[in-house]
Amino acid sequence: MANKESNSYIFMYSTILVVVAAAVLAVAAVGLKPFQKKNQEIEKMQQLLTAAGIDNDAKTAENIYKECFKQELAVNKKGLQVSVYENGKLTKGDIRPFDIELAKELAKGDEAMLPVYICKHDGKTIYVVPVYGTGLYGPVWGNVAIAEDLNTVVGVLFDHSGETPGLGAEITNPKFREQFAGKQIFDNGEVKLAVVKGNKTDEKFQADAVTGATNTSNGVSNMLKNCLSNYIEYFKTLKTE
Amino acid sequence: MANNLKLIKNPLSKENPIAVQVLGICSALAVTTQLKPAVVMALSVTVVVVLSNVIVSLLRNTIPSRIRIIVQLVIVSMMVILVDQFLKAFVYDVSKQLSVFVGLIITNCIVMGRLEAFALANKPLPSLLDGIGNGLGYAVILIIVGFVRELLGQGSLWGYKVIPECFFEAGYVNNGLMTMPAMALILVGVIIWIHRSRNKDLCEK
């Protein structure tokens, strides 16, 4: 390669450089994937535990999760169980409910498989269901923990990918989350739980929106309505049992 | 050898990338609310600047000058993505806290600045030392700012409470302003002030 500044040298040089860079990154991405996946799973367990009001941190989450969440289900909109994972084994269906990506399932309409996590803690049964919706700038998601009466909220947890810090991002703030505890969800077979701005007309079903974050708050409200209504049929089957 | 030692020592004080060259300020403001992310960020930047310095220095005689900036950018981005992947795999909580700022190391002026100013014209060993020196110079400032901000803003260090409860009972309150980026800028200003008053030759005439 005689001339460093010739076009052919520059083409060759840049091609080799990017191919080498891509190869290095591909190897790193594949090699580190298992560790990263583990971290994401632990984060998901932490979010489920936190929604159910169980103390945990990154180190203990996995064990506490195994202890409390002995049963994971996936149900369809008709209320039928399509997948069951109990005591570390998949006993029905072909995907562990924990591994279901809710966002993809919701897009499938009536075919959707909806996870339900059943937690036994302090002698009580808590049903935790994941929720997913849209905020102002991107997706918002979370978990809603429901008490044995299948109507009272035990706790919630929300997360987001890109809401404004200090405004929309405040949905992750414990102060916002804690007001949900004790609220009722269903009334006459409809989801009445909502986030409202200003005057609450029904304390039993409504939580205060975040000031200055109307769109994110509406997003959370719609998310609760859309996702929780999918479980109405399933909860009916539980009640008749 | 004396020259090599200078490469590490100078960026710590007389040629400090933040306090004297005023580079990399953006990230210094954003990630210093607590000590831990500040230290992880400082380490990440050090690793990136050291590795890219060495690679660029090894390649310096082959890089066509017309595309040298792009070549440097590819190398820096590769290092940054690697660091980001490692953080996600091994210190997940910190990587969430640092969020976009790890990716933004690519645009950290210190990294590109050292490649252009030093690695392109020097052998790998001095480039390595220069990278370490500048990384440490950046780290020193980040750690000082992170230390002060976490201590006064949240009453803790590395996440552990260090200000005893009895202080709070006696009426002590954490300074909320310390958790704001503006306060980091003021702290960096104070550091520059003290630094220059001790090194008069740095003052502009």
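Trainee: How do strand E6 and E7 of chain A pair, and over how many bridges?

Mentor: Strands of a sheet pair through backbone hydrogen bonds, either parallel or antiparallel. In this predicted model, strand E6 (residues 139-146) and E7 of chain A run in the antiparallel sense, with seven bridges. One position to look at is A:Val140, which stands opposite A:His160 in E7(A).

Trainee: What is the strand order of the open sheet in chain A?

Mentor: Read across the seven strands, the order is E3-E2-E1-E4-E5-E6-E7, with antiparallel pairing. Strand E3 (89-92) and strand E7 (153-160) of chain A are the edges. Each of these pairs on one side only. From one strand to the next, the twist averages 20 degrees.

Trainee: Which helices pack on the sheet?

Mentor: Take helix H1 (residues 7-51) of chain A. It touches strand E4 (114-121), strand E5 (124-134), E6 and E7 of chain A. Its direction makes about 145 degrees with that of E7(A). Helix H5 (residues 214-229) of chain A also packs on the sheet, touching E5, E6 and E7 of chain A. For H5 of chain A, the angle with the direction of E5(A) is about 125 degrees.

Trainee: Is A:Ala74 buried or exposed?

Mentor: Count neighbours. A:Ala74 counts as buried because 24 C-beta neighbours fall inside 10 Å; the cut-off is 20 or more. This residue is found in strand E1 (residues 71-75) of chain A.

Trainee: What does A:Ala74 touch beyond four places in sequence?

Mentor: Its contacts are A:Val82, A:Ser83, A:Gly93, A:Pro97, A:Ile100, A:Met113, A:Leu114 and A:Pro115. Consider A:Pro115 in particular. A:Ala74 and A:Pro115 are 41 residues apart along the chain, yet their C-alpha atoms are separated by 4.2 Å.

Trainee: Which residues touch the most other members of the largest nonpolar core?

Mentor: In soluble globular proteins, nonpolar side chains tend to be buried together. Here the largest nonpolar core has 52 residues. Those touching the most other members are A:Leu48, A:Ala52, A:Val128, A:Val144, A:Ala145 and A:Ile146. Setting aside neighbours within four places in sequence, A:Ile146 is in contact with A:Ile126, A:Tyr127, A:Val129, A:Thr152, A:Val153, A:Val154 and A:Ile185. Another core, of 47 residues, lies apart from the largest one. Its members include B:Ala28, B:Ile55, B:Val76 and B:Met78.

Trainee: How many helices and strands does chain B have?

Mentor: Chain B has 10 helices and two strands. Along the sequence the pattern is α-α-α-α-α-α-α-α-β-β-α-α.

Trainee: Why does the radius of gyration of chain B agree with a compact globule?

Mentor: Compare the value with the rule. A compact globule of 205 residues would have a radius of gyration near 17 Å; chain B has 18 Å, so the two agree. The C-alpha atoms of chain B fill a box of roughly 65 × 45 × 30 Å along the principal axes. Of its 205 residues, 38% count as buried. Now look at contacts in chain B with a separation of 6 or more. Residues 24 or more positions apart account for 77% of them.

Definitions and conventions
Residues are numbered from 1 along each chain as its sequence is written. Chains are lettered from A and ligands numbered from 1 in the order in which they are written. This is a predicted model: local features need pLDDT of at least 70, side-chain atom pairs count only at pLDDT 80 or more; totals for chains, interfaces and linings use all residues. A nonpolar core is a set of buried Ala, Val, Leu, Ile, Met, Phe, Trp, Tyr and Cys residues joined through C-beta atoms within 7 Å. A residue is buried if 20 or more other C-beta atoms lie within 10 Å of its own, exposed if 12 or fewer, and partly exposed in between; C-beta atoms are placed from the backbone. Two residues are in contact if their C-beta atoms, placed from the backbone, lie within 7 Å. Helices (H or I, at least four residues) and strands (E, at least two) are DSSP runs, numbered from the N terminus. The radius of gyration is taken over C-alpha atoms; the globule rule is 2.2 Å times the number of residues to the power 0.38. Two strands pair if DSSP finds at least two bridges between them. Axes are lines fitted to C-alpha atoms, for helices over the stretch in contact, and angles run from 0 to 180 degrees between N-to-C directions.
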